[in-house]
Structure formats: structure tokens, C-alpha cells
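Please open the model in your viewer and keep the selection tool at hand.

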Amino acid sequence: MSIKIKDANNGTTTDNDGNYSITSPNDQAILVFSYIGFITQERKVTGSATIDVVLKSKDADLNEVVVVGYGTRKKADVVGAVSTVKGEQVLQNASPSVSNSLAGRVPGLITNNRSGEPGADGASLLIRGLNSFGGGTSPLIVVDGIPDRDLNRINPDDIENITVLKDASAAIYGVRSANGVILITTKRGKTGKAAIHYNGSYSIQQLTRFTHRVNAWEYMTYFNELNLNQGNTAPYAQSEIDKYKAGNDPNYTSTDWMDAVFRKNAPQNNHSISVQGGGEQVKYFFSGQTLDQQSNLRNSEQRFKQFNIRSNIDATISPNLKVNLDIAARKEDKNNPVVSLSQTLHEAVSMYPFLPVYWPNGYINAGISNGRNPAIMTSSLPGYDHTNYYTVNPTLGFDLKLPYILKGLSLNGYAAFDYKYVEQKTFRQPWDAYTYDAASKTYSNQRASTSILSLAQDAQLSNQNTYFIKMAYDHQFGNHSINAFAGFEQTVSKWNRTYAYRRDLLSNQLDQLFTGSAVDQNATGSASQDARESYLGRLAYTYKNKYLAEASFRYNGSFNFPTDKRWGLFPAISLGWKISEEGFFKDNIKGIDQLKLRASWGLMGSDAVAQYLYVTRYQLVNNPIYYTYFGDDYTEVKNLYLSATPNPNITWEKQDTRNIGFDAAFLSNRLNITFDAFRFLRKDILAQRNASVPQYTGLSLPAENIGKSLNKGIDFSINYNENRSTFKYNFGANFTYAKSKIIFRDESPNIPEWQKSTGYAIDSWLVYQTNGIYHTQGQVDNSPHMPGAKPGDLWLIDKSGDGNITSDDRVRVPESATPKIMYGLLMGAEYKGIALNLVWSGQAMAKQMILPQSQGSLVAPPSYLYNGRWTPDNPNAEFPKAFNANDPRNSTSADFWLRNAAFLRLKTIELSYALPEVTFEKYGIGAVKVFAGATNLFSFDSMKKYGVDPETNNITGINYPQTRIFRFGLNVNL
């Protein structure tokens, strides 16, 4: 081993017994210990006469423990397609939702962030693409062994690691495994003195993009053209248009309504503190977090606050008995505008740009009608929508070793009780808003038409109890290693809701239900329940540390199915071969440090369907037309009606999951490659029999387990890590390709073959094919077209060949909004405490429909649509002539409006500096790190032209975009 003084030339080496001697210049000197094939370590002298160091092998990560379903395995012994993200990597992302930190990091995981709205900014997650068109597609989330806990709302500082199970390794979760599983493990106590850690940051949020709309004179010009195209008179005089265009008259100005609704910057604060430590008997981890996320809505009190606390305690009662008590609690405080964001944004794009937000005298403009001014609709003037979420998750567990029965035998289990209470209060009130009559120069208050003074209160209480116990055996003898367990798990959940509404309150100063009238009052409630029960087990066997085999099963019962059809068996088997451990490999193949071949198969299930589909369902009659009356005085009597026909044969979806892959390491384990190819065959998908029962019969059969889909693809990762004393760097790349298609869906026989979804992606688009737009009247006359088509309209293709353009001419296209390709690039470097980390995330083979005028008949067109529209003076234009949502020829689902949603985004960048530990040592402060970073800094894509973020799934292109976040923070360890 080599030892030297850091930043100096003198050094020495150890003798055969590991002894060494070196002269230190002072007590602040740092010794650097290094050896080929081992990780370099640094130790401060601090007056010590003897410093002992044990270097860690660079391939020690193969002995790293990986969390898998209901247990752990050494990384070297994992035979499934499993990916892991460490907690410190999660912290590099500035988003308050944990799911966003996974983007670009995990092969096989498809992440899309659709919105940056406070409290609703989590990413959608798919493991290896879409596999079902009849039920849920999201992966199962398991936190510290407990299912259905919220991934996004966990304090990121509490996370030890995240594991993604992508193949048959997830089959141990039975009827909930088919969409894959994400396991989150939180931090626990460690032996040693208490370590206090603080992590705080201040962030600025900005919208990545929103579509810019035309100004006043452009709007008038566009709608004059639209009306003339429809044979109507132009609504705006050219003299008025010229005044707005000149821009030199204060009475003729334009309002950018999107700018009036959104502001540029919104602050976000996040602070977390934790204490970790313990002794031989008790170990502990305590933490607390506060998050305050404001909104980019300009004139709004929209805000999301979150408060987290966690306590993980492990106690050793005896040499063979350990117990743990974990408690996590959270409060979420969400303030939203009482007017929904979709309504507000609809008004924002529909408002006349020549109307001001406020009249010159300061009165609020009433908008087009009913006081619906979008700049005011986001404020508290119309009322408020306030929701509190309270979550408490206690878990009590034990681990009892039984060496007196059999060495390696143990019994362990836990009981978890998850409680969530949600209280929502929605208060609506009229507000002052004025119209202006230019002729009489008078203002008219529209307060009476804005809203009704009303209050609604909604309370929901849910609890889920999870009980688990297992008998485990873990022992190694000779060349054999066995790890096995058999267990039982039960999950029972209940939910109930109470709702009350009253209108015509006595005063807006007293927002209480008792002040309302009996008119239209409503008091109601509902409840539901759910349960699952399972017998499960796994056997893992290793021979000579070269041959690996693993088999698991879960005999699962689900409340969602009839009593005689609730139980199913979900087996899985995985095999591995560490071929690099074979003598013939070691002797003949150089340059490959590790090579493991893997294969797996599993039968996995999904019960993510609506409840009670197997029973006849009734509902109360709510339509007064069908009320029932009895007696001479016509007394109203509540009655029921048949709401759904049962399917007594309903069962879970089943997925035949196959995977082959390999793990390889090169260059002294500095370069690591993982590759997997997979095939998911999903059957028994819940779907309607459209072919068997024609629509004209008026009959409606229940959905049945008749659908089938196939999803095939590959994913891989390449990672390189280099550690050269004071300089470290790493580079990584991961790639996912997942292509799904429908094998069987009972489609109506009268659907044209080119419209059937069979053979196409599950969420493929159905659109008209186009040949651009008509540029001349001759093109219109010489092709089939819709009635009234003229130059400037979309040129729709007559697919059926019947000489007409009808709905039969729409075609199925292979593209969908779900990307077939997802990839990531990871880059990092560190030099003398200065570190830079970057995460790039990208997708390809995805298309999103953007219908810019589909919001309504008065929608102001985007600037790109206005500037590129067809006119007689611009016959070779890119876009159609002026149109609105009522135009069947142009505002229609067509491939012309499908946009390439491929992108490469700098998802995360962080620059940090770790101060030398001696800087604040005399104050009792250890490591201190300052950092600055950004999330969603920029992207390369083709949708920038349209002012739309490529991750949107909104066909209008109008929603709360995701946000770009600039963050500045401080980490302190005591």
C-alpha cells in the first residue's frame, strides 16, 4: 500500500505485514492511502501516533446489499432485472416530488412530468412501457415494506435508496406485480455518536414554456378573416384595427392574458434536519422537514406546504431478538383557487386581447361574460379551495433469530397502520366586475352573475392495516448457500367520506354551513373497503458462488373478485451464471472482470380494476323525471335503478414475463454494463365485447377478461467511475426501448381495417391523414373534400376511396404520446471538494396531438398559427386559414397536428463545494457544503416553436406547464 502526505511529495509504502512509518509536518496534514484495485482513502493526522486503515476493494459494490421484495440480496447474487438509485442522487433534483428525481437515472423506467402545479407536480411512472388497456398501468409503490404509501411526498433526505423491480423479480407481489414495483427504503440508525444533518435550500420556479397568443390588432384581423371565410361580415372595422396596430393611443392597448395569469418567478423553500446514531442496544434516526412551494399564478394565493416527521428506532432486546418502531407523519396544506385551473386557462386564451384587466378607473373588467376575468379567477376574490391532508404511518416490527432450533433460522414480521384524513373546504362568493358602455360612458357591475355565495365541506378518512410474518432461513455450508423464506401477508383498507353543501350563506364573513339556506342543500356520504391476503415464499440457491437459482411464489386472494375466484398462484423462477468465475474464463479471457448471465420467467397479475364488477349494482334515482310518488298526497319515495350488469367470471389480468440479460465489469470494475431484453405477454385484460353485441341493439354487456397485449423491448446501462486521489469523475448512459401492441381487442366488425387498434400501440392515435393544406381551388376541386372546403383548409385524405371525407377515413397511426424510447446521460466530476453533477433525460418515438383552437370559438390563436396562416396573399403558408373550434375541416384530429415529442432535457445540474472539515471545527461543526443547481434547465426539442413543453399530454397545449427550478442551498453536519 502507498501512503503519502496530501499535496506534498514525501511518501512511503507498507511492508508485507502492512506496517508503515511516515513523518507528518503538522497535526492538520492529511494522509492518502492507495493501492491498485482498491478505493483510495484519506485520513487526517490530528495528533494521532497510529492510523490504521482498511482499504475497500473497488469491486466491493458487488457485495453491496440490494433491497428486493421482502428481503435483501448481495448485488453479486441478484438474478433479476433490478435497478437502484441512491438517496444522495435523489437529493440532486430540486423538485419537491421524489418521482421527478428518477428521470434519466433508471433503465426501463419511463418518466414524464406533465405539470409543475404546486402539490401536483409528480411525474407519471411506467416500468417498461404500457401493458394494459383495461386497468391500471402504474407500478406498485412500497415504502419500507408497506404498499401504497406516497412516493412523492416522502422527505428526500429520509431516503436511503430506491429499487426498481422490472421483471419476474416483482412476481413476489402477486396480483399487484404486473406493472412492476418500486421499493423505497428510508434511513435507519447507525452505531456511533449522534450525527446531526441539516439540508436547506431556497429555489426560484419558472415555467418552462407557455404559448404566446396574438395581440389585439392581430386578433381582430384573424377573426375578421374567419368570419369572412364563413360568409359572415367582418366584426371589426379596419379603422379600429389600425388604432391598435399603431399603439400610440392609451385607449387602444393590448393585454397579454397569459402574462396576466402567470408570473415569471415563484419561490420555494425546503428545510430538513435529521439526527442519526445509536449504540449497541438502540439505534435511531429522527428527521423533520418543512416545504413551502408557492405558485407561478400571478394574482393568486395558490400554495402548497408540507410538514414531515419521521422516527425509525431499532432496539436489540437480546442477542436473538430485535424490535423496531417506525413512525412517519405528514401534514399537507394545499391552497388552490376556487375556480379550477382548466376554467381559468380556458378564459385566458378566450379573452379578447383588446380588453384590459382593469378599467382606467381601477374597476375589474368583467371579461366576456359573468365577470370571468382570468386574472381575477386565480385570486381569492371568487373564494378559496383549501385542503388539509393528515397522514400517520406507524409500523411495529420484530426479528427473532432461532439458532437453538436451526442455525440461520429466523422469524420476523411487522404490523403497519396507515391513516389518512383529508378535509376540504370550498367557499365561493360573488365578486365585483364591471362591463363598460362606451356610448353612455357608464360601468355596470356584473356581481350578481359571477357566482353564488356557497360552501362545501368534504371529509375523507381512510386506513390501511398491513400484517406480515415470515419464517426465514439463511445459511452457507461448503459450496452451497441457501436463502429462503415462507410468509403470510394481509392488507385490509377502509375508506369513508362525508360531504355537505349549502348556498345563500348569510354573509361572506361567516363561512360556515349553518348560515346557509335549505335551497339545493346536500348532505351525503359514501364508503368502500378493500382487502388482499397472501401466502408467499422464495428460495434462492447459490453453488460455488457461480451458479444461481431463485424461485418464488405468491398465492394471492383479492377482494375485487368473486369469492370462488379470488385466489391465484403467481410463480417465478430466475437463473444466473457467473461465467467469469469459471476457470476456463479466467484463464483464457482477459479484460473482463465480471460477467454474469441472467434469465427469468414469471407469471404476474394485476387486479387494478374497479370494485364490485362481479355483483349487480344499483344506484339511487337522482333525476326528478324518474322520481316515484305514492298515495293520495303523492309522497316522494326513494327508489333504485339497475346501474350495471355484473360479470360473475371477472378475474385478474395475467402477464407472462420473460427476461434475459447480463451484467459485466471491465477495467478493474471501473466500467460496468447491464443489458436486458424482455417480453411481456398480458392476457385477460378487461374489455368490452364490441363485435359480439352491435351498438344498435342498445344492450350493454359488462367488461370481460378477453383482451391481450404484447410488449417487447430492451434496456441497458453503461457506467464508468474513476477515482484518482483528489480527482474523481463518472459518466453513465442508460437506454430503454419498449414497444407495445394490442393482440386482441373485440372490435366492431364494421370498423374499417385501417382504424382497428389491433397490432398498434395501446394508446395509438386515430387521425385523418393529410396532404398538408389546400393551396389552390384546383386542388380542392380535384380531390374528395368536406362540404365547404376551400383553399387554406386541411387537405384530408379519402382513405376509404368512396369519394367523400367521413369519419371512416381516419387511420390508426403507430405513434402515441407514450415514448417507445427513453434514455438518460449521467455526468459527474469532483476535485478538491468542488463537485459538478449533471443528469440528462430524453425520449424519442413519441407524438403528441396539439389542437391549438380546440378550446372554443373565441380562442385567440397562438402567434405561430397567426404568422403562418394561409391567406390569399400567402398561398404557400404552413398552417390553415383562420379557423376556430367550430370548424370541422381544420379543428379536427389529423396527423397535421401531431407533434414530435422527442426531447433531450438537462434534467438536473448541481455545482457544490465542500469546505475543508477544519474550517469550522473549533465551533463543533463538521462537514459543510454549499451548492447551487437547477432542474429542467433547458431542452432540445421541436415543440419550442409551439410554446409547448414536450412532456405535456394536453391536446390543447394549455395547462400549468412543468417548471424550471433554480436552487441555492447549504448542507451542514454536526
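A residue is called buried when its relative accessible area is under 20%, exposed when over 50%, and partly exposed in between, with a 1.4 Å probe and protein chains only. This is a predicted model, in which local features need pLDDT of at least 70 and side-chain atom pairs count only at pLDDT 80 or more, while totals for chains, interfaces and linings use all residues. Residues are numbered from 1 along each chain as its sequence is written, and side-chain values use heavy atoms, with hydrogens and water left out.

Next, select Arg-682 and Glu-653, whose side chains meet in a salt bridge at 2.6 Å, N to O (a side-chain nitrogen of Lys or Arg within 4 Å of a carboxyl oxygen of Asp or Glu). Arg-682 belongs to strand β36 (residues 671-687) and Glu-653 to strand β35 (residues 653-666), 29 residues apart; strands are DSSP runs of E, at least two residues, numbered from the N terminus. Both Arg-682 and Glu-653 are buried.

Move on to Arg-330 and Glu-332, which form a salt bridge at 2.9 Å, N to O. Arg-330 is buried at 12% relative accessibility, and Glu-332 is buried at 6%.

Then select Arg-447 and Asp-432, joined by a salt bridge at 3.3 Å, N to O. Here Arg-447 is partly exposed at 31%, and Asp-432 is partly exposed at 34%.

Finish with Lys-596, Arg-598, Asp-663 and Asp-676, which a network of salt bridges links.

Terms used:
Helices (H or I, at least four residues) and strands (E, at least two) are DSSP runs, numbered from the N terminus.
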